[in-house]
Amino acid sequence: MKKNKEIQEELEGLNSILSKKELKDNFEIPADYFENFQKEVFNKLDINEELQSPKIGNAKTRRINFRYTLPIAASLALLLGLFFFTQKNIPEGTIAMDQLSSEDIESYINENIDDFDVELLSMLDSDQQNLLIPNDVQIEDYLDENLDDLDQSLIDELF
Amino acid sequence: MEQEIDHKILALIQDKTSIDKGFRLLMDTYQEKLYRQVRRMLNEHADANDVLQNVMIKVYRSIHKFEGKSSLFTWLYRIATNETLTFIKSKKRKETSSIDNEDLGLDKSLRAEHSIASEEVQYYLNKAMEQLPEKQKLVFNMRYFDEMPYEEISKVLDTSVGALKASYHHAVKKIEAFIRQADII
């Protein structure tokens, strides 16, 4: 391929061998390289987008988890409250609270989580409810501790 | 002609529904030129491929930042140049072998290519080019192979036209000296 006039004249002005002998690329490009290259680029772009997207997925997951967290936490608090409330009326032969291991309690909660109902809270008198329902400071402490797991849009909705 | 294609590429890319089509046209138009530019600096196809892929991904993500102050090719060339220099620096850091071993590797690589070209003068000319410092080689490649005007090279490398001319002339002289020393012509 002939060099353009300006570049050729410049080389001649420098009295260079390159004005007589043309330097060529000393490599070959693999066949179909560019066709495959475009596919690889688009694949990489897809993969990178997928790697970035879990943030959105996580946010949704967090939102779902957080929406269930409050009722579950309330149910657990209610359950523990009911245990304490009824402990003094435990009939003879019944297993007392202090005889249960934390594993037993957790296992019971996991197996019966669907049976817990926030409406049970209404069965308690106001003093007992106040003991079970967290106050603003406790809620703020909880949110501070778990901030990383919360979705900002949900926090905005709450406050 | 190039301007018309650039307008078409940018119009397609600005529309979200045709961004991939525009990007394909951009690659069809410039990928080989960019590949050659990168490959001349890196010798190995695998390295050139890695760098060019990174270049294209960066271009895809930042094409909306292109302001049209230079031609699209100049902008692409600039990204490819920066990416290539970054790759070279990173590779040099990783390499534990001595400079002598590196030279031997280069020589071996060139000889392998030589068997394809099978032209002694061509081989030595290319070997001479390999001796140039990176920046000088870049200027030489842009001027000699891509036949770019100094003003355009100046935009890519952020260097004055005068300094570029001096750099190119030095490169030509060094290649000349190498050839004469090897006594092949």
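Helices α4 (residues 72-94) and α7 (residues 134-145) of chain B have axes that come within 12 Å and cross at roughly 150 degrees. The model is predicted: local features need pLDDT of at least 70, side-chain atom pairs count only at pLDDT 80 or more, and totals for chains, interfaces and linings use all residues. Residues are numbered from 1 along each chain as its sequence is written, chains are lettered from A in the order in which they are written, and side-chain values use heavy atoms, with hydrogens and water left out.

**Helices α4 and α7 of chain B**
- α4(B) and α7(B) are therefore roughly antiparallel to each other (the term covers angles over 145 degrees).
- Their crossing is right-handed (the near helix is turned clockwise from the far one by less than a right angle).
- The contact (heavy atoms within 4.5 Å) includes B:Tyr77 and B:Leu85 of α4(B) and B:Leu138 and B:Met142 of α7(B).
- The residues of this contact divide into 5 nonpolar, 1 polar and 3 charged.
- Here Ala, Val, Leu, Ile, Met, Phe, Trp, Tyr, Cys and Pro count as nonpolar, Asp, Glu, Lys and Arg as charged, and the others, Gly among them, as polar.
- Axes are lines fitted to C-alpha atoms, for helices over the stretch in contact, and angles run from 0 to 180 degrees between N-to-C directions.
- Helices are DSSP runs (H or I, at least four residues), numbered from the N terminus.

**Helix α2 of chain B and its partners**
- The axes of α2 (residues 19-42) and α3 (residues 45-62) of chain B come within 9 Å and cross at roughly 145 degrees.
- α2(B) passes α3(B) in a right-handed crossing.
- Among the contact residues are B:Phe23 and B:Leu34 of α2(B) and B:Val51 and B:Met56 of α3(B).
- That contact holds 14 nonpolar, 2 polar and 3 charged residues.
- The axes of α1 (residues 2-14) of chain B and α2(B) come within 7 Å and cross at roughly 145 degrees.
- The crossing of α1(B) with α2(B) is left-handed (anticlockwise, by less than a right angle).
- Its contact residues include B:Ile5 and B:Leu12 of α1(B) and B:Leu26 and B:Tyr30 of α2(B).
- By class, this contact has 9 nonpolar, 2 polar and 5 charged residues.

**Where chain A meets chain B**
- In all, 34 residues of chain A are in contact with 43 residues of chain B.
- The two chains bury about 4,000 Å² between them, 58% of it on carbon and sulfur atoms (accessible area, 1.4 Å probe, lost on being put together and summed over both).
- On the chain A side, A:Leu23, A:Asn26 and A:Phe42 lose the most area to chain B, together 17% of what that side buries.

**Salt bridges**
- The whole structure has 12 salt bridges over all chains (a side-chain nitrogen of Lys or Arg within 4 Å of a carboxyl oxygen of Asp or Glu).
- Between chain A and chain B the count is 4.
- A:Glu6 forms a salt bridge with B:Arg143, the closest N and O atoms being 2.9 Å apart.
- A:Glu6 lies in helix α1 (residues 5-13) of chain A and B:Arg143 in helix α7 of chain B, so the pair joins two chains.
- B:Arg143 and A:Glu10 also meet in a salt bridge (2.9 Å, N to O).

Key: Angles under 35 degrees count as roughly parallel, over 145 as roughly antiparallel, 65 to 115 as roughly perpendicular and the rest as oblique.
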